[in-house]
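Subject: Structure handover, side-chain contacts

Hello,

Please find the structure below, followed by notes on its side-chain contacts.

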Amino acid sequence: MKKLYTLICLLGVVGFGYGQDQGILTGLEEKAAFYGTISKQIWSNPELGYLETESSTLLQKTLQDAGFAVKAGVADIPTAFVAEYGQGSPVIGIMAEFDALPGVSQQAVPFREPVVEGGAGHACGHHLFGTASVAAGISVKEWMEQNNIQGTIRVYGTPAEEGGGGKVYMARAGLMDDVDAMLHWHPGSQNAAGAYSSLANISTKFRFYGEASHAAAAPERGKSALDGVEAMNFMVNLMREHVPQETRMHYVITRGGEAPNVVPAFAESYHYVRHPDAQVVKEIFKKMVDAAEGAAQGTQTRMEYEIINGVYNLLPNETLARVMHKNLELVGGVNYDREEKKFAEDIIGTFPAGVKASPEDAAKIAPFMVSEKGSGGSTDVGDVSWLVPTAGLGAATWVPGTSAHTWQAVAAGGMSIGQKGMMVAAKTLALTAADLFKNPEVTKAAKEELTRRQGEGFEYEALVGNRTAPLDYRK
Ligand SMILES: [Zn+2]
Ligand SMILES: [Zn+2]
């Protein structure tokens, strides 16, 4: 690894000249307001997973206007797209998300104030994610034209990250098979470009079918589907004692009957199982199905299950991550003006006591880190990272200390703080893509690292099995 690091450091000095790349930075800077408007348009019309028609169309149009060839509706998903410029190899991909979350509607103000009570909102910042990735793609395309660079730049429009697993179906359809390196980013409360992992995850709806009856007058004629759900959940909770330490299992009862005096004929619970290793997730999931079957038998009900989503853990790629980190340091973090600082202080004032954060943290770059342990959540980038060398960064689009999926995230994402953070990501992605076009030995080393990390005999098998994308999971 040390050798590789030396090589990359050397490239940093010799190969990655400032001359051409300075154009990327100034070009993006000049268009910051333009991309700010696009992100605001998507933020103002938050669309849920697989329903992101207008968001996807706007990003496609932006790419088309800039000279990309766009294929929409790929992998049998209406809002998924692949935009491409150039020919042949290397092929460098950048992923763009754009789905919103239900129930977190919020105005761009530093106190709780929904736009629409109970409405959707961009609490994961995917409006910034999509826009910055498109901005980076266009900037790389212009740089390729100006410098006669051979190869292909692609922007992947990947819908429904929040539980819909859009990338899984795009990866399974082979849309990424010829990509040499894949780049992505995520909005966050700090700037970081380490080589991190995440948790593999299978999420499933277990549906129980019984027999309705009057719960007092004829209880003996009823078969309670809710009993099925409760018996299953009891067993799953017992299982917690016998799973590896890093496992996470959580569930909600999505349907539990309508009235206490009617024996429920239908009930449903929605389970997640997560672990840093996809194989372990598969094993625990099998036990969960056994518990559901046992519960059905014991309650004289019938059980069916549907895998809603399944994603691999992120496979870090240190080779690419180091290039990304170098560029993030070059770009620098987010500096607030007076108004933004005030906004940030107000937001920080809403955090629970004990959350330590300061507006100045947005300007910092986190030290480079490699972590294979996988923690926190799951992402459908995971599947892509097992197929193509993949690297990402986080940029401070939210006030330091902000957690994802909160109104504070929506608020900052709808104003200049989010838009400034987004441009840090766009610049870092574009510089990294340019580096990869110029230095084929880096993508070669990244590919070797991927093969080594995949391990002997690895064959990709989507955790969602052969199901089609759950296009109506948010309807
Ligand atoms: Zn999210
Ligand atoms: Zn997200």
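Lys 420 itself is partly exposed, with a relative accessibility of 31%.

Two conventions apply throughout. The model is predicted, so local features need pLDDT of at least 70 and side-chain atom pairs count only at pLDDT 80 or more, while totals for chains, interfaces and linings use all residues. Residues are numbered from 1 along each chain as its sequence is written, chains are lettered from A and ligands numbered from 1 in the order in which they are written, and side-chain values use heavy atoms, with hydrogens and water left out.

Salt bridges

The whole structure holds 26 salt bridges. Glu 306 takes part in one with Arg 207, at 2.9 Å from N to O. Glu 306 belongs to strand S9 (residues 302-311) and Arg 207 to strand S6 (residues 200-209), so this contact ties together parts 99 residues apart in sequence. Glu 306 also forms a salt bridge with Arg 467, where the closest N and O atoms are 2.7 Å apart. Because Arg 467 is in the segment after helix H14 (440-454), that pair joins parts 161 residues apart in sequence. Glu 306 is partly exposed at 27% relative accessible area, whereas Arg 467 is buried at 17%. Elsewhere, a network of salt bridges links Asp 21, Lys 326, Asp 435 and Lys 438.

Rings

There are 13 aromatic pairs in the whole structure (rings of Phe, Tyr and Trp, the last by its six-membered ring, with centres within 6.5 Å; planes under 30 degrees apart are stacked, over 60 edge-to-face, the rest tilted). Tyr 270 and Tyr 272 make an edge-to-face pair, 5.9 Å centre to centre with 65° between the planes. Lys 205 lies over the face of Tyr 270, 4.9 Å from the ring centre (NZ of Lys or CZ of Arg within 6 Å of the ring centre and within 35 degrees of the ring normal).

Regards

How values were computed: A salt bridge is a side-chain nitrogen of Lys or Arg within 4 Å of a carboxyl oxygen of Asp or Glu. Helices (H or I, at least four residues) and strands (E, at least two) are DSSP runs, numbered from the N terminus. Buried means under 20% relative accessible area, exposed over 50%, partly exposed in between (1.4 Å probe, protein chains only).
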